[in-house]
Structures are given as C-alpha cells and as structure tokens.
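Please consider the following protein chain with its sequence and three-dimensional model side by side.

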Amino acid sequence: MKYYLIAGEASGDLHGSNLIKALKEQDSAADFQFWGGDLMAKICGTNPVKHYKDLAFMGFIEVVSNLKTILKNLKFCKADILRFQPDALILIDYPGFNLRIAKWAKQQGIKVLFYISPQVWAWKAKRVHAIKRDVDQLYTILPFEADFYKKYDYEVEFVGHPLLDVISNEQQVPPLSIKNTKPIVALLPGSRKQEISKMLPVMLTMTTKFPDYQFIIGGAPAMPNSFYEKIITQNKAGDNIQILHGETYPLMKQATAALVTSGTATLETALFDTPEVVCYKGSPISYWIAKRLVKIKYISLVNLIVDKPLVKELIQGAFNPQTLRKELSKILKGTDRERVKTGYRELRKRLGNNGASSRAAQRMIAFLKQEE
C-alpha cells in the first residue's frame with residue numbers, strides 16, 4: 001500500500017509517527033509520503049515534503065495574513081499527491097487545510113481516511129456534512145465524539161487516545177539532565193513562535209515570585225534556544241530558569257506543577273499526573289471572533305473529557321501575573337493539588353485502553369482491503 005499523510009502541527013507529527021509505525025508493523029512493504037515533522041521523518045527514514053513548522057498558522061487574523069502562503073501550499077500539495085498516486089490519503093487533524101484537501105481528493109477518486117477528528121463539536125458543526133461527503137473513514141480519539149456524530153447519522157471509528165500509548169512508553173523516562181535539586185515548575189508555552197511570544201512573558205513573571213522552585217521551559221523541537229533566551233532577556237526573568245529541548249516528557253513527569261498553553265500538552269501533562277494551570281492568550285481580534293463562534297464550555301482537553309472544571313483555565317485577560325500567581329500557589333501546596341490528582345484518575349478511565357495507533361492502523365488496512 002502507498003500512503004500519503006498530512007500533519008500540520010507538532011501533535012500531528014507525534015500521532016502520525018506512531019500511526020506510521022503501526023502501519024509498517026502490519027504491512028512491512030508500505031510506502032509513505034508525508035507532510036509532518038522530525039518524528040515522522042525518523043520512522044520513515046525520509047524527510048517530510050513540508051515541515052509543520054512552515055505550516056502552523058493559528059488565529060483568524062494570522063490565517064488571513066498568510067493566505068497567499070496557504071493557497072500556494074494547497075496547490076503544491078495537490079500536485080504532489082497526484083505524482084505519488086497513493087492508495088489512501090491519511091489526514092491527521094489540521095482541519096482548515098486538510099478538509100480542503102479531502103474535498104479535492106474525493107473528487108479525484110482517492111480514498112480519504114481522517115485520523116483524529118476535526119473539533120467540529122466546538123465550532124463549525126456544519127462541517128460535519130462536508131466530512132460525511134468527503135471522508136471515507138473517520139477515526140476519533142475522544143470518548144464523546146462518537147455520540148456527537150451520531151446526531152448527524154454518521155458512524156465513526158472510536159479508537160481511543162494515542163497519547164495513552166505514548167505516555168505508557170515514556171513512564172520509565174530517565175531523570176532530567178539537571179543538577180539543581182529544587183522542585184520544578186514546568187513552563188510549556190506552546191510549539192509555535194507566535195503563541196510562545198504571547199504566553200512565555202507572562203509565565204516568566206512567576207520566576208521571581210516562587211524562589212523555592214526552579215523554572216524549566218520545555219523547548220519546542222523547531223525552536224532554537226536563542227529564541228527563548230531573547231524573550232527571557234527582554235522580560236528580565238533572572239537566572240532561576242533553564243531551557244531543555246528533547247526532555248519535555250521527563251520534565252512533565254518530574255515537575256511539581258506546570259503552566260501549560262492550551263492544546264495537546266494539557267492532556268499530556270495530566271497523564272503524567274502533574275497538576276497544571278492551563279493558559280491561553282490570542283490576538284484581541286482573533287479572540288473576539290473565536291468567542292462568538294466557539295461553542296464549548298472549556299478550552300482544555302482535560303476539562304472537556306471529564307466535563308467539569310478540573311484544571312484552572314486562564315484565558316485572555318484572566319491570564320495575567322496576579323491571577324497566575326494565585327492559581328499556581330493553589331496547585332503547588334494548596335487544597336487544589338490533591339483534588340486535581342484525584343480528577344486525573346477519572347480522566348484516564350474515560351480515555352479507554354492503550355493501543356489506539358494499532359487499532360487505527362488495523363481498521364484502515366481492513367477498510368482498504370475490503371474496498372479493493
């Protein structure tokens with residue numbers, strides 16, 4: 001089989017790499033072409049057609065201002081798929097781009113498999129009709145998504161959350177490569193330049209407020225140390241801080257608490273049983289638009305899955321040094337610490353069993369064989 005995969009973000013690269021590994025285990029002769037990152041490249045032994053660091057635009061204003069680049073990428077992608085002639089196109093999240101490719105691919109007669117459902121339950125629910133039309137099989141990873149799609153008479157494949165496999169494989173992680181023995185507060189400001197630039201300055205204000213702790217930034221794979229160092233210097237954060245690359249999971253596991261930008265990292269942190277404060281701040285216009293379009297009670301995956309405010313979410317104006325200090329204090333030594341840890345056990349139960357990547361690969365291969 002020939003597979004063409006498209007992942008446009010760091011989390012998609014992670015889940016895409018595990019999916020490719022699972023497909024290879026069941027079809028050793030499989031051939032892959034992909035958009036993604038270093039993790040997918042490592043499994044495939046080849047470089048991505050496009051790296052996700054050149055694709056990730058977040059926020060309405062940011063997308064509009066980069067529209068020319070996005071349209072150019074769409075055109076290039078279509079031509080590259082036609083050159084490769086895949087048996088199946090596997091789209092991994094990244095809905096703004098991938099749903100456009102799905103529509104085109106369906107018209108070309110290419111089988112379209114969508115792994116990790118777009119979050120249409122949060123906004124743009126009418127996209128379900130386009131998904132039903134353009135996607136041959138949809139594989140979901142969140143427990144409430146199957147019920148959502150049932151309302152639209154659309155049967156989906158719930159395979160479980162792939163992070164359960166990733167985390168279970170990392171539970172024997174080595175200790176961090178640091179000498180300082182102070183307890184750790186992890187700073188996880190995101191994976192894109194624009195979000196790190198917005199989130200990290202506020203997170204850094206905590207470094208002088210909690211002198212009994214050391215602060216460690218989990219560096220994004222595509223971001224050099226110099227990028228973080230510039231922000232640290234500009235914000236006069238002092239010397240109570242380090243930057244570590246390639247040790248994000250050991251950092252999550254070893255940290256006493258974490259400040260985490262909304263996204264997949266909120267769930268990863270929870271699965272390592274580390275109390276966290278979820279943070280988000282976008283451009284004012286993007287946030288204003290999102291506030292009127294997005295129909296969800298919470299922004300973090302943790303709270304969405306357990307359907308209650310288990311972890312504190314500080315959004316936009318609420319994400320400020322005063323409130324952040326108060327909420328961080330609560331999870332370092334306060335009563336919220338044990339309450340959050342108890343809630344994490346419920347979270348794990350709701351996510352189901354390990355083996356999501358393997359289940360997804362099995363079902364993809366079975367579907368394609370039956371379609372031959």
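Predicted model: local features only at pLDDT ≥ 70, side-chain atom pairs only at ≥ 80, totals over all residues.

Residues are numbered from 1 along each chain as its sequence is written, and side-chain values use heavy atoms, with hydrogens and water left out.

The chain contains 17 helices and 12 strands; helices (H or I, at least four residues) and strands (E, at least two) are DSSP runs, numbered from the N terminus. For 372 residues, a compact globule would have a radius of gyration near 21 Å, and the value of 21 Å for this chain agrees with that. The radius is taken over C-alpha atoms, and the globule rule is 2.2 Å times the number of residues to the power 0.38. The C-alpha trace spans about 65 × 40 × 40 Å along its principal axes.

Of the 372 residues, 53% are buried. Here buried means under 20% relative accessible area, exposed means over 50%, and partly exposed lies in between (1.4 Å probe, protein chains only). Among contacts (heavy atoms within 4.5 Å) between residues at least 6 apart in sequence, 69% join residues at least 24 apart. The chain carries 52 positive and 36 negative side chains, and the centres of the two sets lie 6 Å apart. In this count Lys and Arg are positive and Asp and Glu negative, with His and the chain ends not counted; each charge is placed at NZ of Lys, CZ of Arg, CG of Asp or CD of Glu.

Which residues of helix H10 are buried? In H10, residues 225-234, they are Phe227, Tyr228, Ile231 and Ile232. They lie on the same side of H10, because they cover an arc of only 135 degrees around the axis; the arc is that of the directions from the helix axis to the C-beta atoms. On the other side of H10, Lys230, Thr233 and Gln234 are exposed. The buried residues of H10 pack against helix H9 (193-204), strand S8 (214-219) and strand S9 (241-245). Lys236, with a positive phi near 50 degrees, follows H10.

Helix H6 (residues 127-134) can be read in a similar manner. Its buried residues are Arg127, Val128, Ile131 and Asp134. These cover an arc of only 145 degrees around the axis and therefore lie on the same side of H6. Their packing partners are helix H5 (95-107), strand S4 (111-115), strand S5 (137-140) and helix H7 (145-150).

Helix H11 (residues 248-254) includes Thr248, and Tyr249 also lies in H11. Thr248 is partly exposed at 24% relative accessibility, whereas Tyr249 is buried, with a relative accessible area of 11%. Not counting residues up to four places away in sequence, Thr248 touches Leu188, Gly218 and Gly219. Tyr249 and Val173 are 76 residues apart along the chain, with their C-alpha atoms separated by 7.7 Å.

Two loops remain. Asp153 lies between H7 and strand S6 (157-158), and has a positive phi of about 55 degrees although it is not a glycine. Asp153 is exposed, with a relative accessible area of 67%. Asp307 is found in the loop between helix H14 (301-306) and strand S12 (312-315). Its phi is positive, near 60 degrees, in a residue other than glycine, and Asp307 counts as partly exposed at 44% relative accessibility.
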